[in-house]
Amino acid sequence: MARRTEWPGGSADSSRAEKELPPQDPAEQARAICLRLLTGMPRTRRQLADALHKRGIPDEVAEDVLSRFEDVGLIDDAAFAGAWVESRHHGRGLARRALARELRTKGVDSALIDEAVGRLDAEQEEATARDLVRRKLRSTRGLDRDRRLRRLAGMLARKGYPEGLALRVVRQELEAEGEETDDLGFDSL
């Protein structure tokens, strides 16, 4: 026969009583949600606002909590944008256009995007494109010249590089490898 265990200060049915407690204060819930989300990685104000909205936190409560988090420096969209640009440019080789698109989807303000992306200069962007092409060149050896040009320029285009820069860098790197590119026109893509 099973024996009921009596716990100090309550019965075995105390878990049922805990479930019947009044719901936690919405501001407290919002703070807990934000802190939990910020523990894993930095987030933008909009990302946190969206998370709070999905969890049914009233908008005015969410606004108050998010403003307080900004005041104490836990939310900083400018710092987020700067770190994002630095990380994604050096880590994935993304160009300014692709970085701006990603930041827009994360809810970063246009002025902050322009400032963060503006830290990348044209020379730095071209050097990164050149490094990407050099790494990819090896895997395209053995393909015909036009196919190599399309693959390499397409790879740069997917990373947000402008067509003119992509074609110029690809042509220069193919020529440095000994490939003839004089008869290639821009319409070959």
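So, arginine 130: leaving out residues up to four places away in sequence, arginine 130 touches Val169, Gln172 and Glu173, where touching, or contact, means heavy atoms within 4.5 Å. Before I go on, this is a predicted model, where local features need pLDDT of at least 70 and side-chain atom pairs count only at pLDDT 80 or more, while totals for chains, interfaces and linings use all residues. Residues are numbered from 1 along each chain as its sequence is written, and side-chain values use heavy atoms, with hydrogens and water left out.

Okay, back to our arginine. Arginine 130 sits in helix α8; helices here are DSSP runs of H or I with at least four residues, strands are runs of E with at least two, and both are numbered from the N terminus. Is arginine 130 buried or exposed? Arginine 130 counts as buried, because its relative accessibility is 15%; buried means under 20% relative accessible area, exposed over 50%, and partly exposed in between, with a 1.4 Å probe and protein chains only. Its side chain also makes a polar contact with the side chain of glutamate 126, at 2.7 Å. A polar contact is a pair of N or O atoms within 3.5 Å; within protein, one must be able to donate a hydrogen and the other to accept it, and residues adjacent in sequence count only if both atoms are side-chain atoms.

Now look at the rings. A search of the whole structure turns up 1 aromatic pair. That pair is phenylalanine 80 with tryptophan 84, stacked, 5.6 Å centre to centre and with 20 degrees between the planes. For the cut-offs: rings of Phe, Tyr and Trp (its six-membered ring) pair if their centres lie within 6.5 Å, and planes under 30 degrees apart are stacked, over 60 edge-to-face, the rest tilted.

Both residues lie in helix α5, residues 77-92, 4 residues apart, about one turn of the helix. An α-helix has 3.6 residues a turn, so residues three or four places apart point the same way. Phenylalanine 80 is buried at 7% relative accessible area, and tryptophan 84 is buried too, at 17%.

What do the buried residues of α5 pack against? They pack against α3 (45-54), α6 (96-105), α7 (110-118) and α8 (122-140). At the start of α5, a side-chain oxygen of aspartate 76 comes to within 3.2 Å of the backbone nitrogen of alanine 78. After α5 comes glycine 93, with a positive phi near 75 degrees.
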